[in-house]
Amino acid sequence: MATVIGGNGGNGPEGRPPARTRTLPPPQVPSGARGVAGTGPELVTPPLVVRRREEEETVVTFPALIFREFLAGLGIFALLMLISIFVNAPLLQRANTAITPNPAKAPWYFLGLQELLQRFPPIMAGVAFPTFVITGMILTPYLDKNPSRRPQDRKVAVTLFTLYAVLAVAFVVVGVFFRAEAFTWDWLKVLGHPGVNPEV
Amino acid sequence: MSATETPTNPLVRMMGQVWGSIFRHGLPTSDKVAARTALTNFFLHIHPVRVKKSAIRVSYTLCLGGLSFFLFIVLTISGLFLMFYYIPSVDQAYQNIKDLQFVATFGLVIRNLHRWAAHAMVITVWLHMARVFYQGAYKPPREFNWTIGTLLLLTTLLLSFSGYLLPWDQLAVWAITVGTNMAKYAPIAGPYTRYIMLGGRNVGQGALIRFYVLHVIALPLIGFLLMVVHFWRVRKDGFTGGL
């Protein structure tokens, strides 16, 4: 464990720490223990420098990184343009507060909240859960004291986040595809089941 | 411009001077020239001159942070075009959107682009958060930048949510009604929060102008400020690099 903390799994705050380990004065070890003076740091620090050689390799940002960013931007822009040419943004009838659509749904990214409201009392679903998730997210780096970045050392963190992620995605999928009239479950909705009120 | 041959034509020479004054260094044929270009260019200065090869592997970053920023730019520009045609009034908003779809040149494509890019940005920002979490990239010294990132995710959601109301169709008004109804469950402050958000008890003109101002001025400014700090800290702390 001590080596993991000391070396930060070889993945600590990059840039400076490895340089610092190299410039450390030779450790206070009885001279008999070391064969050659000056190789001291290497003898003591192997656990600190566990990163592979190619990870230390650097390249010039321009053009190496800029080119990739350009390609990524171009790619997503082309994709969005294609979608925009062939798929129109939804526009229903003019707003009418006298006609409530059924089901009335929040935007898809808030459907998880709506799903929770369906299953729990409002004070839990509308207030307690969201507050817990947002506070938990903000405090994550301060609560997670584990210095390692390797997935195999962070089973609890990875499991908890995966649980949150799966639930969040599942609720959105359920809300968009399987919730029909009055927000009740309808397996056929995903197949385009018209329901009672097809305009929504 | 190569320094070896000096053109005799004064016009060409002046053009060369103009070009050279804007782009001080030539093509990045060597690392030295590339480094100088990156150092002296305002826009490229967002990045360090050299980066670890492992930190910019596409399989590591998946480009998600960069794509989120790029989508923010796309949304800002397409949103500017939409603003030329859109009046935040309950009497005119819906007709403005119809005009955008059927009258204004390229209005339909620009509106579609704005809509789909907004959905895409919610997805890329969320995935960026997941990527950073799974790679433990929020660990010291980057704790506070994760917090800023969380606020940026919330800003993105609010930006999308506030924009949802603007077309003033049935989808918009009822999604905002359902969304803001959630706010009223908070103890004590709940009903007041909803009243302040909507500028009234129902989704009406008061809500439309509030959401419009939030959508086109307040939230983009907040987002921009948070992004500046977010990027600056990434720049100062360096890229985390491969596992």
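Predicted model: local features only at pLDDT ≥ 70, side-chain atom pairs only at ≥ 80, totals over all residues.
Where in chain B is B:P141 found?

Residues are numbered from 1 along each chain as its sequence is written, chains are lettered from A and ligands numbered from 1 in the order in which they are written, and side-chain values use heavy atoms, with hydrogens and water left out.

**View 1. Chain A meets chain B.** Here 77 residues from chain A and 88 residues from chain B take part in the contact (heavy atoms within 4.5 Å). About 7,400 Å² is buried between the two chains, with carbon and sulfur atoms giving 69% of that; buried area is the accessible area (1.4 Å probe) that two parts lose on being put together, summed over both. Between chain A and chain B there are 39 residue pairs in polar contact, both residues at pLDDT 80 or more. A polar contact is a pair of N or O atoms within 3.5 Å; within protein, one must be able to donate a hydrogen and the other to accept it, and residues adjacent in sequence count only if both atoms are side-chain atoms. On the side of chain A that touches chain B, α5(A) gives the largest share, 16 residues. That side splits into 47 nonpolar, 16 polar and 14 charged residues. Ala, Val, Leu, Ile, Met, Phe, Trp, Tyr, Cys and Pro count as nonpolar, Asp, Glu, Lys and Arg as charged, and the others, Gly among them, as polar.

View 2. β1(A) pairs with strand β1 (residues 50-52) of chain B in the antiparallel sense, over 3 bridges. Strands are DSSP runs (E, at least two residues), as are helices (H or I, at least four), numbered from the N terminus; two strands pair if DSSP finds at least two bridges between them. In this pairing, A:V59 stands opposite B:V51. The side chains of A:E57 and B:K53 meet in a salt bridge (3.2 Å, N to O). This pair runs from the loop between α4 and β1 of chain A to the loop between β1 and α3 (58-61) of chain B. A:D144 and B:K139 also form a salt bridge, at 3.2 Å, N to O. The count between chain A and chain B is 2 salt bridges, and over all chains it is 5. The rule asks for a side-chain nitrogen of Lys or Arg within 4 Å of a carboxyl oxygen of Asp or Glu.

**View 3. An aromatic pair in chain B.** Over all chains the count is 20 aromatic pairs. Rings of Phe, Tyr and Trp (its six-membered ring) pair if their centres lie within 6.5 Å; planes under 30 degrees apart count as stacked, over 60 as edge-to-face and the rest as tilted. The rings of B:F161 and B:F211 have centres 6.0 Å apart and planes at 55°, so this pair is tilted. B:F161 sits in helix α7 (residues 143-164) and B:F211 in helix α10 (residues 205-237) of chain B, so the pair ties together parts 50 residues apart in sequence.

View 4. B:P140 and B:P141 are joined by a cis peptide bond, with omega near 10°. As for the opening question, B:P141 is in the loop between α6 (107-134) and α7 of chain B. In chain A, a cis bond joins A:N102 and A:P103, with omega about 0°, and A:P103 lies in the loop between α5 and α6. B:F106 has a positive phi of about 60° although it is not a glycine.
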